[in-house]
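Please look over the structure below before reading the notes.

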Amino acid sequence: MNVSLQQLEQELRDAEAELDQVNRQLEEKPDFGLGAGNTGGFTWEMALARRERIEQRIDELQEAIARYTSGDYGVCQSCGARIDPERLEIIPTATECMDCARKVA
Ligand SMILES: [Zn+2]
């Protein structure tokens, strides 16, 4: 089974909805001057880290959608080989085949 464009778009919408949610959370910036025991600051920093991850994911998904539209989706950017469909099912935004991804890591 291949990853469909609809699937990528759905994941992008989900990520955007999540980003909205985190952004609302971040609007209530806690007072960091309160010192120790300020759990609000901790939650806020967690949300900040989460937002970074979501933003990165949105970038990756947008890129994947762009590649899908141009017909480059599922092709390794390093060696030009087809990326294993099973790999794409697990990581729909993968830009490299298993072999090249392993070389980088
Ligand atoms: Zn490759």
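Predicted model: local features only at pLDDT ≥ 70, side-chain atom pairs only at ≥ 80, totals over all residues.

Residues are numbered from 1 along each chain as its sequence is written, and side-chain values use heavy atoms, with hydrogens and water left out. The chain has four helices and zero strands, where helices (H or I, at least four residues) and strands (E, at least two) are DSSP runs numbered from the N terminus.

**Overall fold**

- Along the sequence, the pattern of the chain reads α-α-α-α.
- Of the 105 residues in the chain, 28% are buried; buried means under 20% relative accessible area, exposed means over 50%, and partly exposed is in between (1.4 Å probe, protein chains only).
- Among contacts with a separation of 6 or more, 50% are between residues 24 or more positions apart; a contact means heavy atoms within 4.5 Å.
- Helix 1 (residues 5-27) has 23 residues and should span 33 Å at 1.5 Å a residue, which agrees with the 33 Å between its end C-alpha atoms. The expected span is 1.5 Å times one less than the number of residues.
- The buried residues of helix 1 include Leu 8, Leu 12, Ala 15, Leu 19, Val 22 and Leu 26.

**The zinc site**

- Which atoms coordinate the zinc ion? They are the SG atoms of Cys 76, Cys 79, Cys 97 and Cys 100, at 2.3 Å.
- Donors are N, O and S atoms within 2.8 Å of the metal (3.2 Å for Na, K and Ca); water is not among the atoms, so sites may look incomplete.
- The site of the zinc ion is tetrahedral, with angles of 105 to 115 degrees among its four donor atoms. Four donors count as tetrahedral if all angles lie between 85 and 135 degrees.
- The donor residues of the zinc ion follow the spacing C-x2-C-x17-C-x2-C in sequence.
- Cys 79 is in the loop between helix 2 (39-70) and helix 3 (85-90), and Cys 100 is in helix 4 (residues 98-104), so this pair ties together parts that are 21 residues apart in sequence.
- Cys 79 is partly exposed at 47% relative accessibility, whereas Cys 100 is buried at 8%.

**Salt bridges**

- There are four salt bridges, each being a side-chain nitrogen of Lys or Arg within 4 Å of a carboxyl oxygen of Asp or Glu.
- One of them joins Glu 18 and Arg 50 (3.3 Å, N to O). It links distant parts of the chain, since Glu 18 is in helix 1 and Arg 50 in helix 2, 32 residues apart.
- Another joins Glu 63 and Arg 67 (3.1 Å, N to O). Both residues lie in helix 2, four residues apart, about one turn of the helix.
- Glu 63 is partly exposed at 39% relative accessible area, while Arg 67 is buried at 7%.

**Single residues**

- Arg 87 lies in helix 3. Arg 87 is buried yet has no salt bridge, and the nearest side chain of opposite charge, Glu 96, is 6.0 Å away. Lys and Arg count as positive and Asp and Glu as negative, with His and the chain ends not counted.
- Leaving out residues up to four places away in sequence, Arg 87 touches Ala 94, Glu 96, Cys 97, Met 98 and Ala 101.
- Glu 28 sits in the loop between helix 1 and helix 2 and is exposed, at 64% relative accessible area.

Methods. Tetrahedral: all angles 85-135°; square planar, octahedral: opposite > 155°, others 65-115°.
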